[in-house]
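Here's a walk through one protein model, written for someone who likes to look while reading. Have the viewer open and follow along.

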Amino acid sequence: MNRNEITEQIVVARLAKGLSWRQLADAIDRPVVWTTAALLGQHPIPAELGKVLVDLLGLDDAVIPLLAAPPMRGGLPTAVPTDPTIYRFYEALQVYGPAIKELIHEQFGDGIMSAINFSVDVQKKPHPSGDRIVVTFDGKFLPYDWV
């Protein structure tokens, strides 16, 4: 069994059991975005937490070591994302990416935002013209070190 097959089992089991990503995250006391990404194959899940999730989802314990293994991160099925939700982030970064980059350099200096020392959160914000989506990226600034 490979990681993609396990991800499919996780998605099917979660839906079949009526579990939300939040319920799974709460069961292991981890942030919901991290837990969702991990269950979709983007982070290793420590074995003791994997055991809790596997039990909740009714999966075979044999998947626990694969859940704990360092994954192949990133990668989408196409160079330009075709899923509308993911594409909107791609589009927003095409429009605002250069401005964000300039502001980071102006405020912090020559460097980048870490995606390793990082957290992300998604919140629903009520608004009179329709609910808003608030996505917060919180990454450590990493200055370039030209040796």
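A salt bridge here is a side-chain nitrogen of Lys or Arg within 4 Å of a carboxyl oxygen of Asp or Glu. Before using that, a word on what we're looking at. This is a predicted model, so local features need pLDDT of at least 70 and side-chain atom pairs count only at pLDDT 80 or more, while totals for chains, interfaces and linings use all residues. Residues are numbered from 1 along each chain as its sequence is written, and side-chain values use heavy atoms, with hydrogens and water left out.

**The overall layout**

The protein has six helices and two strands, where helices (H or I, at least four residues) and strands (E, at least two) are DSSP runs numbered from the N terminus. Along the sequence the pattern reads α-α-α-α-α-α-β-β. The C-alpha trace spans about 50 × 50 × 30 Å along its principal axes.

Of the 147 residues, 21% are buried; buried means under 20% relative accessible area, exposed over 50%, and partly exposed in between (1.4 Å probe, protein chains only). The accessible surface comes to about 10,400 Å², with 60% of it belonging to carbon and sulfur atoms. Areas like this come from the Shrake-Rupley method with a 1.4 Å probe, and for residues only the protein chains shown count as cover. As for contacts (heavy atoms within 4.5 Å), take those between residues at least 6 apart in sequence: 49% of them join residues at least 24 apart.

**Salt bridges**

The structure holds five salt bridges.

| Pair | Closest N to O distance |
|---|---|
| Asp26 and Arg22 | 3.8 Å |
| Arg88 and Glu91 | 3.4 Å |

Asp26 and Arg22 both sit in helix H2 (residues 21-28), four residues apart, or about one turn of the helix. Arg22 is partly exposed, at 42% relative accessible area. Asp55 and Lys51 are also four residues apart, in helix H4 (residues 47-57), and about one helical turn separates them. Asp55 is partly exposed at 46%, and Lys51 is partly exposed at 33%.

Over in helix H6 (residues 84-108), Arg88 and Glu91 are three residues apart, which puts about one helical turn between them. Arg88 has a relative accessible area of 46%, so it counts as partly exposed, and Glu91 is partly exposed at 33%. Salt bridges that share partners also join Lys51, Asp55 and Asp61 into one network.

**The core**

In soluble globular proteins, nonpolar side chains tend to be buried together. A nonpolar core here is a set of buried Ala, Val, Leu, Ile, Met, Phe, Trp, Tyr and Cys residues joined through side-chain atoms within 4.5 Å. The largest one has 20 residues, and those with the most contacts inside it are Ile10, Leu24, Leu39, Ile45, Leu57, Leu59 and Leu67. The elements giving two or more residues to this core are helix H1 (3-17), H2, helix H3 (32-39), H4 and helix H5 (64-68).

What does Ile45 touch? Not counting residues up to four places away in sequence, Ile45 meets Trp34, Ala38, Leu39, Gly50, Leu53, Leu67 and Ala68.

Val54 lies in helix H4 and is buried, with 1% relative accessibility. Leaving aside neighbours within four places in sequence, Val54 is in contact with Leu59, Asp60, Asp61, Val63, Ile64 and Leu67. The C-alpha atoms of Val54 and Ile64 are 7.3 Å apart, with the two residues 10 apart along the chain.

**The hairpin and its patch**

S1 and S2 pair in the antiparallel sense over 11 bridges; two strands count as paired if DSSP finds at least two bridges between them. Phe118 stands opposite Gly139 in S2. The hairpin has six residues between the strands, and Gly130 takes a positive phi near 130 degrees there.

A nonpolar surface patch of about 560 Å² is made by Phe89, Met113, Val122, Ile133, Val135 and Phe137. Patches consist of residues with over 30% relative accessible area and no salt bridge, joining like charges within 9 Å and nonpolar side chains (Val, Leu, Ile, Met, Phe, Trp, Tyr) within 5 Å. Strand S1 (111-125) and strand S2 (132-143) each supply at least two residues of the nonpolar patch, and S2 gives the most, with three. Met113 is in strand S1 and is partly exposed, at 36% relative accessible area.
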